[in-house]
Amino acid sequence: MRAGIIGIGSYLPDRVITNTELEKTVDTTNEWIMARTGISTRRTAESHISSSDLGFEAAKIAIENANLEPKDIDMIISVSSSPDYTFPATACIIQDKLKATNAAAFDIQAACTGFVYGLTTAVQYIMSGQFKNILVVGSEVLSKMIDWQDRNTCVLFGDGAGAVVVSQVETGGVISTILGADGSGAKLLEVPAGGSREPASFETVKNRRHYIKMNGNEVFKFAVRVLEDCTRKVVKKANLNLSDIDFIIPHQANIRIIDAALKRLNFPKDRVMINLDKYGNMSSASIPVALHEALHTGRIKKGHKVVLVGFGAGLTWGAVLMDWNL
Ligand code: UT7
């Protein structure tokens, strides 16, 4: 018996921000952003929209795609890096919007690795037989957590949502998973204020400490290392070789990170999903949105061996290897 994805959905807000628009607000150029990141545009949600709103839209599509009703969902796991609140959990807000009245609901915080952590957690509950249908939602309104005056970060991130329904499957499904963390790198990528370490105050707001801060160079090196390492480990754990893998869906942070990791893996780029040029880094939403697009465009087919691989703040990393079952 295996667990697998039986439904998928994604949702992106309409508003597109181009690099040229950013040139007007911070000291940057389209050329710099394209050359250093590969990002051309990103989406941003309207001011009244939060992560649960985008997550709800993606979840509706995923549940419909699974031929289920919201009341069939037993558990909702939200993995947002930009949750609606510290508490209650964004998963509870999504549960209420969906009227998924039979679902338990909780959040996981693993930043950009959130979707891989959430999917892996869902797989365990399915395999234990405790739950039948689990919704995993990666939804982000990072535009509200970015310092739009900080050129080091504001060019990188975007808003969006992706969701999957995980259930028991007869063929295919998740073959192997790995998760990891190194909290000694916590300071490399953080939102310093707003929690119990640095509660919100006039000073924290004045010093812009509620926004994302990142040591880009260090995160870059870490990302290349774990993308390669995680992919190798999850493949090995399944007793497979890299040559058995049909498609890789990496976290969409920077094209140079993906290129460097692929070079180390000696894996062909035409079998890798890349859509960061359109959406930037959508943290926990990047992998499910990319997965949905890969399916839609026919790049993933039933029977393909697919690796999802993520990395992010924490520091965290993880990968899931699936025999694609849809
Ligand atoms: O999802 C989780 C994780 N996040 C990531 O994976 C991000 C990982 N890091 C990166 O993608 C890259 O490190 C960045 C895209 C953030 C930065 O690229 P880089 O090639 O590492 O550039 P850098 O930080 O070494 O900066 C080079 C120069 C600096 O100027 P000086 O000090 O050489 O004069 C920066 O101030 O580029 C400058 N710079 C910019 N210039 C124009 C930084 N951001 C910009 C910008 N426009 N937006």
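1. A residue counts as near a molecule if one of its heavy atoms lies within 4 Å of it. By that rule, 23 residues surround the ligand, and the closest are T28, R36, H251, N254 and N281.

2. A word on what you are looking at: this is a predicted model, in which local features need pLDDT of at least 70, side-chain atom pairs count only at pLDDT 80 or more, and totals for chains, interfaces and linings use all residues. Residues are numbered from 1 along each chain as its sequence is written, and side-chain values use heavy atoms, with hydrogens and water left out.

3. The protein covers 76% of the 940 Å² of accessible area (Shrake-Rupley method, 1.4 Å probe) that the ligand has on its own.

4. Which element gives the largest share of the shell around the ligand? It is α8, with four residues; helices here are DSSP runs (H or I, at least four residues), numbered from the N terminus.

5. Finally, the wider setting. Domain 1 (2-171) and domain 2 (175-323) both give residues to the shell, so the ligand lies between them; the domain bounds come from an automatic or database domain assignment.

Terms used
Helix = DSSP H or I, 4+ residues; strand = E, 2+ residues; numbered from the N terminus.
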